[in-house]
Amino acid sequence: MKDRLFATIFLILGIVMVVWIIPVGIPIAFVPPRQIGPQFWPEVLSVAITVVAALILLTPVLRRIRDRLTHPRPSSQTSIAEHKQGAPAEHSHEKRAKDGFRRLAPWLTIAIIGLYFLLLVWVGFIVASAFALVATMLVFGDRRWWTIAILALAVPFLMWAFAVKLLHIPIS
Amino acid sequence: MFADFFAGITLLFQWSVLLANVIGIIIGTFIGAIPGLGPTIAVAILIPVTFFLPIVPSMMLLLGVYQAGIYGGSISAILFNIPGVPAAAATVFDGFPMAEQGRAGKALKTALFASAFGNAFSCLVLLVVAAPLAAVALRFGPPEIAALILLALTVISAVSGQSMLKGLLVGLLGLLFSTVGLDPIWGTVRLTWGEPELEGGFALIPFLIGLFAISELLVQSGRLDPLVVMEKARTHESGTSRLSKDNHVSFLEMWRMRGIMLWSALIGIFIGILPGIGSTTPAFMSYALARQRSKTPEMFGKGALEGVAAPETANNAVTGGALIPLLSLGIPGDAVTAVILGAFMLQGLTPGPFLFRDHGPEVYAILFGLILSTIPTLIVGLMLLRYAVKVLKLKRSTIFPIVLVLCVVGSFSVNNSLVDVGVMFAFGFIGYACRLSDYPLPPLLIGFILGKTFEEAMRQSLLISQGSLMVFIQRPIAAGFLILSVIVLISSIRLSRRMYMRN
């Protein structure tokens, strides 16, 4: 399911690239006759992406049609029985809550990363990194407050010192 | 050639080179042992450190991480039944039973010796093969280069992941990302949206740090299971206790396995040369071969020494094999060699046919150094056996937040720009989306890396031929590469159809 969602996104992206992004994002240049311009290659790739994404979306449909033509359809009773057999056991409330948090965790991490980037622009490396460390450790399930505090203070400062003083990378 | 070779040797024998290599081996062993991390992420994060080192020490540092990283993966595989890197998956079959029998030390030492042999042998082949191949490639014109890159991209799309279409889609996406920046022929600015820092295109290092390290961070944050190996290392039977019994591996025991180790090394080198397959497949192939050739196949899966030696030789021999197309043709075979390609380029060395001609001494120093690094690998590996187990006790919640901050420093340091940090995060999300939906990452990375060269070579060919595509067919080498691409494409489609019918 996720792979088809990804293909759908890229099908749309391919079309948007050809229709809007490339014409707006690449200025038309003078090109001698029988030569290709700067828009040509991104256009070819965008069309190819659209075609391949469409093929990814169509392949399971075509296979299903072929399978139905070559094999008889299983009865609905069998499929319900199989479904019942394969159904997961009832989860406990605590486990469900834990699973729910873990499912949410990547999205929380993405939000933290977004905020980390903004903080890097607004308040600089040390404060932003201290925030990112605390937040990510909490999302990863760490609740050892002394460890979190020590790492949040020590790691950004040590990294800053290593980058700025030793490697002369002006991160601040 | 010989003058370059001897000049290379003089560059090699310096304390800084040895020190850099030993540090690389230590870091690689530890990081390889931690599941989820691995040589690709380790090399990517360490690249900024190499800005401030001369060429030879910096490459020996990164290649030390690469070589030792794959061996490091066998430590958690043998002790806790969980491979640190995917390449060590086949080592689990006999390594873990040996550990359960109290022979973990013997298994780890066998893995180390086999890894060192695989490394040394493959690097020797690299030393012999790469320069002549580069000399042949020097005769390639733009049509041959374009056709060769097309072949590499076709192979990598076909063999990475389970579906060729998925590999193809992300490969095309990588090519599309490479079009951002200046047009290689007319110099027109493309798709930068007024951001001057993007005129040179997306920087490689933030791109790959995002694609691999940030996406791994996101994957790990969503794992329901705490990293089992680390839990086992902390709570279950301690790894060090398994090191206490039958630890000795005699020369005779290794000598008895010379045949299978040689075959495994050859398998590793051959597969390493082919783009996109990686080091997991040859490890399984050599394991199967070892079992087939063994006089006691019934012992496999129960703690056979050959069952550890064969996959470890093969997965380490991939390193030298993968460096052959990288150094001689400029085509990276997998993610980690793509990262190393980035490191070469940042040092002002462009892998490809001109590398041996323009930077002969440095390249020979690196190649010869790779062979000699077997000695520090063995010494450091033996010394680190006990300590590597301790690293596994580190919590995931401690490691990955630190990796996040390291990634920011690494990306920023390329151009001292926050735009690169933004690029890294953006590609981290894209990488995560790919992994979530089962789309392979290597074609995306290789497509991005080779995209500019591919477009340039293709358009130069069309300039030469006044816009006629016949230029790719009239030149025999280019036509040969195109025919091979079609064969790969057709075989891949037939194979996937056969697999579908079987299922």
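## Ground rules

Two residues are in contact here if their C-beta atoms, placed from the backbone, lie within 7 Å. This is a predicted model, in which local features need pLDDT of at least 70 and side-chain atom pairs count only at pLDDT 80 or more, while totals for chains, interfaces and linings use all residues. Residues are numbered from 1 along each chain as its sequence is written, with chains lettered from A and ligands numbered from 1 in the order in which they are written.

## Chain A at a glance

Among the contacts in chain A with a separation of 6 or more, 55% join residues 24 or more positions apart. Its secondary structure consists of six helices and zero strands, where helices (H or I, at least four residues) and strands (E, at least two) are DSSP runs numbered from the N terminus. Read from the N terminus, the order of elements is α-α-α-α-α-α.

Of the 172 residues in chain A, 26% are buried. A residue is buried if 20 or more other C-beta atoms lie within 10 Å of its own, exposed if 12 or fewer, and partly exposed in between; again, C-beta atoms are placed from the backbone. From the C-alpha atom of A:Trp145 to that of A:Met159, 14 residues apart along the chain, the separation is 21 Å.

## Where the chains meet

Let's turn to the interface. Chain A brings 54 residues into contact with 52 residues of chain B. On the chain A side, at least two residues each come from helix H1 (2-25), helix H2 (40-70), helix H4 (93-122), helix H5 (125-139) and helix H6 (145-166). That side of chain A has 39 nonpolar, eight polar and seven charged residues. In this scheme Ala, Val, Leu, Ile, Met, Phe, Trp, Tyr, Cys and Pro count as nonpolar, Asp, Glu, Lys and Arg as charged, and the others, Gly among them, as polar.

## A helix pair in chain B

Two packed helices are described by the angle between their axes and the distance between the axes. In chain B, helix H4 (residues 55-80) and helix H17 (residues 360-372) pack at an angle of about 35°, with axes 10 Å apart. Axes are lines fitted to C-alpha atoms, for helices over the stretch in contact, and angles run from 0 to 180 degrees between N-to-C directions. The crossing of H4(B) and H17(B) is right-handed, meaning that the near helix is turned clockwise from the far one by less than a right angle (left-handed if anticlockwise).

From H4(B), the residues B:Ile55, B:Val56, B:Met59, B:Met60 and B:Leu63 meet B:Glu362, B:Ala365, B:Ile366, B:Gly369 and B:Leu370 of H17(B). Sorted by class, this contact has eight nonpolar, one polar and one charged residues.

Helix H21 of chain B (residues 442-464) has 23 residues and spans 32 Å from first C-alpha to last, close to the expected 33 Å, which is 1.5 Å times one less than the number of residues. H21(B) bends by about 45° at B:Leu450, the bend being the angle between axes fitted to the seven residues ending there and the seven starting there. In H21(B), 18 of the 23 residues are buried.

The loops on either side deserve a look too. B:Asp438, in the loop between helix H20 (418-436) and H21 of chain B, has a positive phi near 65° although the residue is not glycine. B:Asp438 is partly exposed because 13 C-beta neighbours lie inside 10 Å. B:Gln466, in the loop between H21 and helix H22 (471-474) of chain B, likewise has a positive phi, near 55°. With 11 other C-beta atoms within 10 Å, B:Gln466 is exposed.
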